[in-house]
Every structure is written in structure tokens, then in C-alpha cells.
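Hi,

Here is the structure I promised to pass on. Have a look, and my notes follow below.

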Amino acid sequence: MTADAHELAGLSTTGERQAVIGATGAAPGKDWVIVTRGIRRDYDMGGEVVHALRGVDLAVRRNEYVAIMGPSGSGKSTLMNIIGCLDTPTAGEYWLNGVLVSAMKDDELARVRNREIGFVFQTFNLLPRATALHNVELPLVYAGVPAAERKRRAIEALERVQLADRMDHRPNELSGGQRQRVAIARALINNPAILLADEPTGNLDSQTSEEIMRVFEGLANSGQTVIMVTHEPDIAAHARRVVVLRDGRISSDERRDAFVSKLAATI
Amino acid sequence: MPFFEAVRLALAQIRVQKLKSFFTLLGVMIGVMFLIAVVSIVQGMGNYVEDAFAGKFLGVNTFNVRRFPDFNMGDVTEAEWRAWQRRPLVTVEDAMAIRDALPAGTRWAIEDARWLAAQSPYVASGPQALVQAVTPEYFAIKNLVVTQGRAFNEQEDRLGAPVVVIGTEVAEHFFPALDPIGKELRIGGLPFRVIGVLEKQGTVFGVPLDRQVLGPFHSALHRFTGARRGLYGVVVQAPSAEAMPEVQATVRELMRRRHKLRPAQDDDFVLESSESALTTWASIKRYLVLAGIFLPAIGLVVGAMVIMNIMLVAVAERTREIGIRKSLGARRRDIMAQFLVEASTLSTFGAAIGIGLGIGLSKLVAAVSPLPASVATWSIGVAVLLGAGVGIVAGIYPAGRASRLDPVVALRAD
Ligand SMILES: Nc1ncnc2c1ncn2[C@@H]1O[C@H](COP(=O)(O)OP(=O)(O)O)[C@@H](O)[C@H]1O
Ligand SMILES: [Mg+2]
């Protein structure tokens, strides 16, 4: 065993986690929201193959709040897109809530995106011509929820992010922080199994970032499973577990306290 | 994807980009406009030819024995025309022979006509009247209704009584604010006594029927209508549609015998029926229907191509929106439906404008030409369906493209 690999084994929180990942082909128990086994993602760039992910084993339990860190180009977004069912792996297994998602067809994936996943993006990805209310309603539209109920639930969701008074505003009439809160309300409207956020504060100033982190904190405290990508250590420090990617592989996976103390040591 | 939202989105697009939408929808508009207009004209002319022309002008189950066709609406060559001029005249003797050969229950009348000037003691001049020297059954055959006074009878005809029945326009012009019955109307300098006024009939195929003057054939009238140089025609009405062929065969045989035609020779006369007029109409109608299919078809094909292009641009411009919708759970068919509804809303909107223009065009044609036009309700239904259909056909390719976009790639678009 190299020093690196030794460290890796030591850092993976529990043996239990290793056992779940090791059981190739078997459905994980229902406590495990996400289990990936040997996820690879190759991009064929006209003859030259880019290996964005080179075998990622990740297991996330219900109610965990995980930050994924790593340098630019290390595969964070690629992994998030696969976990969010926006993309499919070239190889490997992905189990979401005990269901093998990596083998699903297009329409089934759409359903999973609609019901199981809430995705928050760095660039908000709101429909520019639609009001905040309508943006929040959209997932319910595709879930086939009747209009009146849609509206009621969307207003509730906006209330939870303190934006009920802005529901008739379009994205260009809202500040960055408000836009991201609309996006969070939209991500949560279908009560997803996981909330995914790819650099949710990447386009925000530090004060607004803190606001958004408090929203995530509250969600995590209320039992929402959260996975968040960031490359800022102080943002990652809000999570309870930090996974670091390097060159398409997990290079470390540890509890926040360990991460923070190491961080303090390097300063 | 909620249907109404897609419709609303498409209409909003039209509102924002009025000029662009206008050009986008021009093809569909023009196509639908021609469809409505041509169908209206065909329908209107059909009503006209089949009801007014065949029923009123020629009479039901009626045929005319003539030297050459009068209602021929097709092309006549110079040579044909000259050949017709060499044909023997239809004479009073022919008419009498026809009468004697006809089976019981068949009506018969001599018809001779000419546009002539008339005068009354009150009005010395006026537009010419269509003077007709006819035998009495003419009234029954043509279903002419005498609203004031009476028609003349068999005896008056035999004796050549100088009496006339006049159309409403003649009555109004020559006897203004007067009761014309019993008054004198001069034709060719000779006096005739008005004994009846016809019901108002209007103009049929350019012939103002209310400017008729009908008198007994055997009165002096036939001298003015030129009966000596051949009769305008002999009118025969069979008792029923089924009896028509037999009556026609009888008359044809008789006329061939009288003209001493050998079996190999063609007829040198015509038996002109409303059927033959309808045959001519049917061939004109074929061209009109072809025009009614081709003009709209070209418009709709061009329209579909333009709409397809516009939708491809829309898909490209809204790639990111598609990515967002997919990331939130839209299935391929949801995206597909969104763009199809949008495309067909667009083209149905164009069709609606085309329907308006088409109705306008057919009204215009009806106003400036003698062609009547009546808008067919079914053509409006067809136009709406075509509009929606063109949108769907034009939208399938762009919508399919949109629906197959990869969510990650689409989300990265700007
Ligand atoms: N669609 C793509 N086509 C080709 N290469 C890609 C694509 N997406 C990502 N990559 C490559 O995969 C690697 C990982 O990218 P990404 O997951 O976006 O990294 P990160 O989010 O950590 O910055 C990079 O080298 C990137 O260039
Ligand atoms: Mg990234």
C-alpha cells in the first residue's frame, strides 16, 4: 500500500461505507441515498479521450450534508451531473434510493430528475421570461400536479425562502441572492431525496454566499440530504463531510472536523 | 407541458414580433385565403349554375332545339363557328313537326327573342327590352309567375292577339307609378296591350330577366324578333327526368329525318339541355377545383417551410430553456409537445387571418364581377385544421431536435 492509498482507506469514514461500495451489483440498504461503484465518464473529443471520472466510489447516507471539493477540471461537475441524472456514466453503477439509475432509459431518468432530485446551479438557470412563482411551479407542471395545487405549493416554497413578496418578479428584477433562493425553492418543491448544488455561491458575493449557506444549513438541520460542490474551503466548512476529487478520483473523504483542523494546520 | 401555456407563449411571441410573425405566416395566410376564396367561388357558381341557371333560365327537365349551342361556355374555334353558320335554320315548320311527334304529357313552346326598343304613352324611350315571341306553354315550362293580371292563352296566340306580359323593370320604367294592366306598350311602332306583369326575377347569367316582354308568337311580335330568319329555339319539357332521354331521342330522330341526314353524318342542330350546360360547368369546375387545391397547397408548403425554419431558430435560441426544463423533469414528449403546440398555434393564427382575407376576397369577387360567391362553412373548418396540421408537420423536425437535446449540453448553452 502506498502512503496515499493508506491515507485514503483511513479517511473513508467507516468500514460500513467500504462494505456497501464493495458489494458490487447488490442493491444497498435503504439508509443509503446514493451509492456509486466505479463510476467512469469518458468524453470522446474527436479521437482523443478525456477521462473526466476514473472510477468514483461514493456512498451517501440519508441526512448527510456533503461538500465536494477539488481543483478546476477534477470532475466535480461531471460527477454532480451523473448523480443528478442529467448525464449517464460510461461505466459503473449508480444506485439512487436503492434503484439502479445507471441502467435507466431517458423517460425514467426524467421522472427521477423530477421526483428525486433538486438541482441548484451556479448560474441559477431560471427561465428568464417567467415569474419567480412560475419558475418554482415548473417541476410540478411536469409532475402533472393541477394548477391550483401547483400555485399553492409554489407560494409555500417561496415563503420558506422569504421570497413570497417577490413571486411576480422576473429573474432580471431580482438580486443574485434572491435568484438563488428562487432556484432553491424550485429544487425543493417536489420534496426530493437529495438536494444537489454545483457551486451555488460561485456567482455571489461573500455576504450573499453566507446567506445562501444559512439556507442550506437550515435544510440540512431539518433532515434534507445535501451534496454541494465548491472550491472554497470556507464554504465547504459548512458541510459535515468533505469529499475531495483529484483527476477524476476521490482523493480524500473525511468528516468536516478533520478537514477543518487540517485546513487550520496548513494556514 | 400544459397546452395553454404553450399557446400563450406562442401568442406572446406573435405579439412581440408582429412583423416577423406576419412574414412567417404569410404562406399559410395566402394558402388559406385562396382555399376559402376558391371554394366560395366554386360553391357560389355551383349554386348559381345548378339552381338559377339550370332551373330558372333553362327550366327543369327541359331542352332547347337550336341551330347551335347558346349556353356553350367553353371555347369555340373559328372553324366550328363558321360550320355552325352553314347549318339549316330551325323553322316554324320544324317546331310544328316536333309538337306533333311529342308523346303525351310533354310540354312544348316556340321561343324567339330579340332586344328591341319600346315606347309607352307616358315614356317615349328607355333601355331596350328583351322581346320574346312565344307560344303559351312557355310560361309553364319556365315556371314564370304572373303576379299582376294574367298570361295569354292558346286562343290569343292562335288569333295573334296584340297582348304582352312584361317584366317588373319594364313596368316600372314605362308605367311609372301607374297600374300597367290594360295600358299600351309599343314595339316596332305597333301597339300591344299589357295584360300581365311577371314576378321579379333579377339577373341570371347577365340576362336581366325583369326586362322581358312576352307576347304571343303568332302576333305581329314574331316579325320583329326575326322568326323568318330562323327561330331562336323550340323548347321541350319532358314530364320527368326519366323521360328526358326518350323525348330527346324522338326529337333527334325527327330533326335528322327532316334535315335528311345519313346515319354517318353528325347532327346539324343541338338539343341543348341544362345537363349540357352542367357538363360545361363541370369541366370549368374541374379547373377551379384544381386551382383551389394547387394555390393553397403551394402557399401551405411554403408556409410550412418558413415555419420550420422559424422553429429551428426558436429551438436554437432556447436551447438553455430546454436544458432547464429537462433538468426539472420534462420528458422528450413534453418538449416535443411544447414546440408542436407552439408551431401549430402560430400557423393556426395565420390560418385565422387567411380565413378573414379569404372571406374578404370572395366578397370582393362577388362585388366586382358577376360571379357570385358564398363562403362554405366547411371550408373554414378545413382551413383551421389545415392551419394546425401545417404547424404540426412543420414543427415535427424542430421539436424532435429540441426533445433529443442532451440536458448537460443544453444547460451549457448561452
Ligand atoms: N462535455 C464535455 N466534453 C468534453 N470534455 C468535458 C466535457 N465536460 C467536462 N469535460 C472535461 O472533463 C473534465 C472534468 O470537468 P468538470 O467535471 O467540469 O470539472 P470541474 O467541475 O471539477 O471543474 C475536464 O477536463 C473537462 O475539460
Ligand atoms: Mg464545475
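Which polar backbone atom is 2.9 Å from an oxygen atom of ligand 1? That atom belongs to A:Lys76. Before the rest, a word on the ground rules: this is a predicted model, where local features need pLDDT of at least 70, side-chain atom pairs count only at pLDDT 80 or more, and totals for chains, interfaces and linings use all residues. Residues are numbered from 1 along each chain as its sequence is written, chains are lettered from A and ligands numbered from 1 in the order written, and side-chain values use heavy atoms, without hydrogens and water.

Back to the ligand. Ligand 1 sits between chains A and B. The residues around it (a heavy atom within 4 Å) include A:Tyr43, A:Gly75, A:Ser77 and B:Arg412. α3 of chain A gives the most to this shell, with three residues (helices are DSSP runs of H or I, at least four residues, numbered from the N terminus). A:Thr78 has a polar side-chain atom 2.5 Å from an oxygen atom of ligand 1, while from chain B, a polar side-chain atom of B:Arg412 lies 3.1 Å from a nitrogen atom of ligand 1. The protein covers 69% of the 560 Å² of accessible area that ligand 1 has on its own (Shrake-Rupley method, 1.4 Å probe).

Now to chain B. B:Ile298 is part of helix α10 (residues 274–317), and this residue counts as exposed because its relative accessibility is 53% (exposed is over 50%, buried under 20%, partly exposed in between, with a 1.4 Å probe and protein chains only).

Cheers

Note on methods
Helices (H or I, at least four residues) and strands (E, at least two) are DSSP runs, numbered from the N terminus. A polar contact is a pair of N or O atoms within 3.5 Å; within protein, one must be able to donate a hydrogen and the other to accept it, and residues adjacent in sequence count only if both atoms are side-chain atoms.
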